[in-house]
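Subject: A structure for you to look at

Hi there,

I am passing this structure on to you, with some notes on what I found in it. Have a look at it first, and then read on.

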Amino acid sequence: MTTPLTAAVRGIGLLGPGLDDWASGALLLAGVVPYVSRTTVLPTPTALPAAERRRTGTVVRLALALGFEAVSRSGMNAAELPTVFSSSGGDGNNCHEICQTLASEDRQISPTRFHNSVHNAASGYWSIAAGATPAANVLCAFDASFGAGLLEALTQVAVEQTPVLLVAYDVGYPEPLHAVRPIPEAFGVAMVLAPRGNERAPHITATLTEAPAQHMSEAPFEALRVAIPAARSLPLLEKLARQESGRVVLDYLEVQRIAVEVATWP
C-alpha cells in the first residue's frame with residue numbers, strides 16, 4: 001500500500017470488559033474516570049425478530065451492539081451502509097459445542113449450530129436486524145484482523161466514495177480450546193468511516209510502516225491490547241477519546257504495522 005487512505009470517523013461503538021459503550025469508554029480511555037475491569041455485558045439484540053434472537057450467540061450479540069451504536073452516533077441509516085466485519089475466529093462457544101458433538105457417539109449437528117458456525121454469521125444477522133442490503137465483506141486475519149478490517153474499510157471509502165461501517169470483534173473459547181487461544185473476554189469496536197467533508201468529525205489517514213506498535217500507558221488496557229486481536233484498536237481509540245491530533249502505530253503483520261495520523265476538528 002503506497003497511497004495513504006483517509007476517512008472521517010463519523011461514529012464509534014465500543015464494548016468490552018468494563019467498557020459499556022463509546023461515551024463511557026472514552027472517559028476511561030482519556031483517563032477522566034478510573035478503569036475497573038469486569039465481565040463484558042452484552043445487550044439483547046432487540047432489533048432481531050424473536051425467532052432469530054433466540055438463535056444468536058455471543059459473537060452476534062457483540063457485533064450487533066457495536067454496529068448499532070456506531071451507526072446511531074453517526075446519524076446515518078444502518079440499512080444503507082456497506083459493511084466490513086472482521087474477527088480473528090468467530091463464535092468460540094459454538095465452535096466448542098460442535099467439537100464436543102463431533103467427538104461424541106451422536107454426531108448430529110443442529111441446523112442452528114451449523115449456520116452459526118460460518119464466519120459470516122454476524123453479517124447475516126446484521127442484514128436482518130438492520131434491513132441492510134448493501135455489500136458486506138467478512139474478513140479473518142488471525143491476530144491482524146482489526147488491521148485488515150480497517151484497511152479494507154478505508155479502501156472502500158477511498159475507491160467507492162461512500163460511508164462504510166467497520167465492525168471488529170472477538171470472543172473467547174471455553175477449555176480446552178482456551179488453552180491454545182486464550183482470549184480472555186469479548187471485545188469489539190465499530191466505526192462508521194466516510195469520505196472527508198465539512199462535517200465536524202475527526203479524520204484518520206493510514207499508511208503501512210515498519211515502526212514498532214504503540215503500547216497503552218495503562219497496564220489494564222495494555223493487557224487487553226495484547227490479549228485480544230480486536231483490542232489492537234485501543235491506541236487509536238485512546239487518541240480519539242482524548243480528542244488529540246497525532247500519530248499512532250497499530251499492530252498488524254509481523255513485519256508491518258499500520259501508522260494512523262489522527263486530525264481533530266477544533
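In which loop does Ser233 lie? Ser233 is in the loop between H8 and helix H9 (234–241); helices (H or I, at least four residues) and strands (E, at least two) are DSSP runs, numbered from the N terminus.

Before going further, please note that this is a predicted model, in which local features need pLDDT of at least 70 and side-chain atom pairs count only at pLDDT 80 or more, while totals for chains, interfaces and linings use all residues. Residues are numbered from 1 along each chain as its sequence is written, and side-chain values use heavy atoms, with hydrogens and water left out.

Back to Ser233: its relative accessible area is 0%, so it is buried (under 20% relative accessible area; exposed is over 50%, and partly exposed is in between, with a 1.4 Å probe and protein chains only). Setting aside residues up to four places away in sequence, Ser233 touches Phe146, Phe187 and Val189, where contact means heavy atoms within 4.5 Å.

His215 counts as exposed because its relative accessibility is 53%. Apart from neighbours within four places in sequence, His215 is in contact with Glu222 and Arg225. Its C-alpha atom is 8.8 Å from that of Leu250, which is 35 residues away along the chain.

Now for the whole protein. It has 9 helices and 8 strands. Its radius of gyration is 18 Å, close to the 18 Å that the globule rule gives for 266 residues, so the protein is as compact as a globular protein of that length. That radius is taken over C-alpha atoms, and the rule is 2.2 Å times the number of residues to the power 0.38. Of the 266 residues, 49% count as buried. Among contacts with a separation of 6 or more, 72% are between residues 24 or more positions apart.

H3 is mostly covered, with 12 of its 17 residues buried, including Val59, Leu62, Leu66 and Glu69. Just after H3, Gly75 takes a positive phi of about 75°.

Enjoy exploring!

Best wishes
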